Amino acid sequence: MKKLAVLVVALLFVCLAVAVFAQEGQEIAAKTSLSPNVRPAVTIDTGDTAWVLFATALVMLMTPGLAFFYGGMVGRKNVLGVLMQCFIILCIISIQWVLFGYSLSFGPARGFWGGLQWAGLAGVGTTPYPDYAPTIPHQLFMAFQMMFAIITPALIIGAFAERMKFAAFVIFTILWATFVYDPVCRWVWGAGGWLKEMGVIDFAGGIVVHINAGIAALMTAIFIGKRNGGSKAILPHNLPFTILGTGLLWFGWFGFNAGSSLGANGLAVNAFVVTNTAGAAAGLTWACLDRIFNEKPTVLGTVTGAVGGLAAITPAAGYVGPFSAIIIGIVVSLLCYTAVSVLKPRLGYDDALDVFGVHCIGGIWGTMAAGLFASKAINPDGPNGLFFGNPKQFYVQLLAAAVTLAYSFIASFIIYKAIDLCIGVRVGEKEEIIGLDLTQHHEKAYTVLE
Amino acid sequence: MKLIIAIIQPDRLEAVKQELYRQEVFLITVNEVLGHGRQMGVAEVYRGTKEMGNLLRKIRLEIAVNEDFVEKTITAIVKGAQTGESGDGKIFVIDLVECVRIRTEERGHIAIG
Amino acid sequence: MKRFIAVLMLLSFIAVPAVMYAQAQTQPADARQQQAVQASDARQAPSKSDSGDTAWMIVATALVMLMTPGLAFFYGGMVGRKNVLGILMQCFTILCLISVQWVLYGYSLSFAPGKGFWGGLEWIGLAGVGAAPYPDYAPTISHQLFMVFQMMFAVITPALIVGAFAERMKFSAFVLFTLLWATFVYDPVCHWVWGVGGWLKDLGALDFAGGTVIHINAGIAALMTAIFIGKRKGVSNHTILPHNLPFTILGTALLWFGWFGFNAGSSLGANDVAVNAFIVTNTAAAAAGLSWAVIDWIFNKKPTMLGMATGAVGGLVAITPAAGFVSPVSAIIIGLCVSVFCYFAVSFIKPRLGYDDALDVFGVHCIGGIWGAVATGLFASKAVNPAGADGLFFGNPKQLLVQIIAVAVTVVYSFVASFIIYKVIDIVIKVRVQEKDEVIGLDLTQHHEKAYTVLE
């Protein structure tokens, strides 16, 4: 009976896709009947297109990279759980984005969402959409943004690792993407988004991605409860995987940040340089902190610091220079180190893989730092920050961060609670002890004897 | 017949094997274990969570021998594994009730050698 | 209390970039204005920068960055299970350390125009390195992009040396050695071969993507460290086996993938020289991999995975100086030969001379780099790259002579300078870990971490 229900739901999805596709066909037909006078005169630059295509692929690679970053840090009996969650998000949000996610996030309608005008990618063709990216095809902009929409819910996984039911996780992801990611994305990046109109700057997603996911992560960590045995229970089963994940994340982050200039131009190069610099400075700082407080620099600490630095520079990459990046990197490691080593044990929530401590705190600092260090000398189309004589920007940044924190926490909580009441979010205690790989997926990651 | 179980430091395995071969003891079983005696482990740290690692990697050898080989085997193991530092390990000798060679179904002393 | 002071000292590092930034601000106002205008130009309508070239070079820079984690896994799989985090940490630390060193002063020392030992301090703190292209280096991409592309080369070079002293170097000594080596060995040699006013460049030495600057340079420093740090404990009795060969293969794949950026990116644009470099890179790697597999088959009865991977890397090394100057057929010959030389170095010379170059950095990178530099002097052809030169096989014996000079200079200087740095550090804080730390393993003793759990 249950299997039949699942089949029916799947069929409904297919029908929805067909209906939307049919509508898209109509739209395309309508569009081509437009007279040439109405079509905007923009030209596609092949260099810009080449770069953004590659950047899109780079950001896609960050999701498997994140999967290994997290995967190495969980116990051997839960690694497939993490990998599966990341991969299923890659699949689910890719479809959701195409069907309606892009329209809700970037559609031209004013309101909570961007409207359904572009549902099924109707009207999203090869002609550039100048409000977003004047020199690349609209479809490419959509695909590029898709990869951001994918990795954001994937970040949250780290908080509830090792104890969430897979079915609950899938439903949570779809609802979260639709009701939390898409709106916040629209407010900060969408045409006519209210935070954007207020002047907030978020180059590549400090608010939309890191703060958003980070605070949702905190919420889940608090309400799903601690793992069996507390946070000391399970040690990283394969740290080299975590380092591999970091390498892939760092590599992909060039697409994440430098690609957000939406062209192969000086701004992209600046974003590239500050991204690398902030990650490096933050990694070194965390290594130093480890050396001071734990006698030895650890590799887990260094890579965590580097990821924090990359997260912090994300909102600021197109507005600050290399020296600001060094300062941003040093400070973020100090903040995140404190959040992870002092705040977390003291407050007692079990954010298993420190999503809040690294991404949320890193994102908040990065958003503020954008309001401090932004300079028109780097990006004449951007604003100046507080250190360059414009305190207003700093307040706008704070406001945007506060709004996102509040909204994401509350909305995520409502979604979480609704699912918890219907099907229960946490696995049973016995299942948690056996491990998610076997109980949720009937698979073992590694063989023992051969 | 006796079963000799030895717990030794992992880096002494090669030396112990060479000594055993020299005494013409060729049939051994080896596996990796965790354990400690008085020697304490090295602390581990994972993002601020301290783990007082006190189970260290060791190698466990199992050798089935006839009576006349017991002392030779013990001497060989000691010679190969001894460093004078704490953590060198221990040797246990237990009585072996029966031994069967699976290929030929021989039993007893002949099956061991 | 002590820790509190240490954290305060750490915070004071913020002063460094702050001061440098303030200094850059004291540049004449019109220079800054010009930079801003150029930034604006570059963003709206590139006047000098070509968007296609820029796109490719951004990608190439990212690809070369990926080679450092790739190298980390290439090496990491080959060491024992108790030392893998040591390797990964060293490579990652280099990525962070040299990224910052390059921005602060490394780029200036390496590439600022000048005829001296270093390039000069003109571009300290990236002063003057903006969005406008610097035509002497790369006329169609922004100067900043050229700088960051070169940064990734400066990052991976010291990382190569890690393989020679694997499993026995103190982490603090390693950090000091890396910083000093980058400043006093990499930056000068880079300047001589690639910098405007560099004397080897003026002599006519050809090094397309870094055979001399990177591979010979790092390879000979590796030999030096291997000799003076001494053999690993117990290595004379038995070989220390690779603990995870699939990691090594993963690393090889990432290296091969990234090497396209390394070689094809060194044409500094999306042009036909880049395409040629891409093709010969792939061809040489393939030929060398096959060659080593065949040699293994002959001498060891079976082709080995590690051998083939090593051969492929050797081929990539050898083609590096030649990539922009030779044809695909020459690349096949270069690749087939390099495996012969490197195999000989690794299987006969190393055991006979008795140095413990743990992961064969000298045998593969130095020998491969020397062969590549010489091969450039043999096979270079103006038909492939009119901006280059002809080699011996195309009627110009002088080029081979120049190449040999460049190789000899680099070998001698790198060995001597690296040795001085090494000895100084050894006297001050001792480079090698204590014997009992080496037995327990670097992961636990240097970083208080275990790579893998055993029970769960």
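**Notebook: cores, buried residues and helix pairs**

I started with Ser99(C), which at 0% relative accessibility counts as buried. By buried I mean under 20% relative accessible area, with exposed over 50% and partly exposed in between (1.4 Å probe, protein chains only).

Ground rules for these notes: this is a predicted model, where local features need pLDDT of at least 70, side-chain atom pairs count only at pLDDT 80 or more, and totals for chains, interfaces and linings use all residues. Residues are numbered from 1 along each chain as its sequence is written, chains are lettered from A and ligands numbered from 1 in the order in which they are written, and side-chain values use heavy atoms, leaving out hydrogens and water.

**Ser99(C), continued.** I placed Ser99(C) in helix 5 (residues 84-111) of chain C. Helices here are DSSP runs (H or I, at least four residues; strands are E, at least two), numbered from the N terminus. What does the side chain of Ser99(C) make a polar contact with? I found the side chain of Asn276(A), at 2.9 Å. A polar contact is a pair of N or O atoms within 3.5 Å; within protein, one must be able to donate a hydrogen and the other to accept it, and residues adjacent in sequence count only if both atoms are side-chain atoms. Skipping neighbours within four places in sequence, I listed the contacts of Ser99(C) (heavy atoms within 4.5 Å): Asn276(A), Ala280(A), Ile94(C), Met151(C) and Val155(C).

**Leu140(A).** This one sits in helix 4 (residues 138-156) of chain A. I noted Leu140(A) as buried, because its relative accessible area is 8%. Beyond four places in sequence, Leu140(A) is in contact with Thr49(A), Val52(A), Leu53(A) and Thr56(A). I also checked Leu140(A) against Met368(A): they are 228 residues apart in sequence and 30 Å apart in space, C-alpha to C-alpha.

**Cores.** A nonpolar core is a set of buried Ala, Val, Leu, Ile, Met, Phe, Trp, Tyr and Cys residues joined through side-chain atoms within 4.5 Å. The largest one has 314 residues, and among those touching the most other members I wrote down Trp51(A), Tyr70(A), Trp250(A) and Tyr107(C). Apart from this core lies another, of 15 residues, including Ile4(B), Ile8(B), Ile63(B) and Val70(B).

**Helix pair in chain C.** I looked at helix 14 (residues 361-379) and helix 15 (residues 397-429) of chain C, whose axes come within 7 Å and cross at roughly 160°. Axes are lines fitted to C-alpha atoms, for helices over the stretch in contact, and angles run from 0 to 180 degrees between N-to-C directions. So helix 14 of chain C is roughly antiparallel to helix 15 of chain C. The cut-offs are under 35 degrees for roughly parallel, over 145 for roughly antiparallel, 65 to 115 for roughly perpendicular, and oblique for the rest. Residues making the contact include Ile370(C) and Val374(C) of helix 14 of chain C, and Leu400(C) and Val407(C) of helix 15 of chain C.

**Helix pair in chain A.** Helix 5 (residues 166-189) and helix 7 (residues 206-224) of chain A pack at about 140°, with their axes 10 Å apart. I therefore filed helix 5 of chain A as oblique to helix 7 of chain A. Among the residues that meet are Phe172(A) and Trp176(A) in helix 5 of chain A, and Ile207(A) and Met219(A) in helix 7 of chain A.

**Positive phi.** Asp360(C) has a positive phi of about 60° although it is not a glycine. I found Asp360(C) buried, with a relative accessible area of 17%. His442(A) has a phi near 55°, and I logged His442(A) as exposed at a relative accessible area of 70%.
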